[in-house]
Amino acid sequence: MKVVSLTEVEGTVRQVECPNGGFTSFRFLLEKDGMGFSMTKTVIPAGRTETWHYKHHLEACYCISGKAILIDNETKEYYSIQPDTMYALDKNDSHTFMSIEETVLICVFNPPLTGLEVHREDGSYATKGE
């Protein structure tokens, strides 16, 4: 059994800051934890617009606070993201996230994150071999 509190993650290598200020990721579960997925708490500051494209990962996010707009970059559809809303990037969807208020998401990735990922220029995370 694993029980991890935010205070155990804060200020460690499991707290990852986006280099351009786009988010803070608190990585509760990682690949090395052996669960087959990773789980993060991601905090996106108000007024940020970020484009991401997880080419090698599927992601599901559950909003626990804040307000944002999610844009499917292929279909150009817009979605309102607010507390108690979940979205799943089930087709490696390229997307733009526009935070209106500071937004807090609980995110699950498959395959699991190793913990050291940072978004590349194209908005994706590298796989182990890249």
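**Strands and surface**

A: Strands β5 (residues 58–65) and β10 (residues 103–110) run antiparallel and are joined by seven bridges. The model is predicted, with local features needing pLDDT of at least 70 and side-chain atom pairs counting only at pLDDT 80 or more, while totals for chains, interfaces and linings use all residues. Residues are numbered from 1 along each chain as its sequence is written, and side-chain values use heavy atoms, leaving out hydrogens and water.

Q: Which residue in β10 stands opposite Ala 60?

A: Strands are DSSP runs (E, at least two residues), numbered from the N terminus, and two of them pair if DSSP finds at least two bridges between them. Opposite Ala 60 stands Val 108 in β10.

Q: What is the strand order of the open sheet?

A: Its six strands follow the order β1-β2-β3-β10-β5-β8, with antiparallel pairing. β1 (15–17) and β8 (86–89) each have a single partner strand because they stand at the edges, so one side of each lacks a neighbour in the sheet.

Q: How many residues lie between β6 and β7 in their hairpin?

A: Five residues separate them, and Lys 76 in the turn has a positive phi of about 70°. Four bridges join β6 (residues 68–72) to β7 (residues 78–81), and the two run antiparallel. Tyr 78 in β7 is the bridge partner of Ile 71.

Q: Is Tyr 62 buried, exposed or partly exposed?

A: Buried means under 20% relative accessible area and exposed over 50%, with partly exposed in between (1.4 Å probe, protein chains only). Tyr 62, found in strand β5, counts as partly exposed at 34% relative accessibility.
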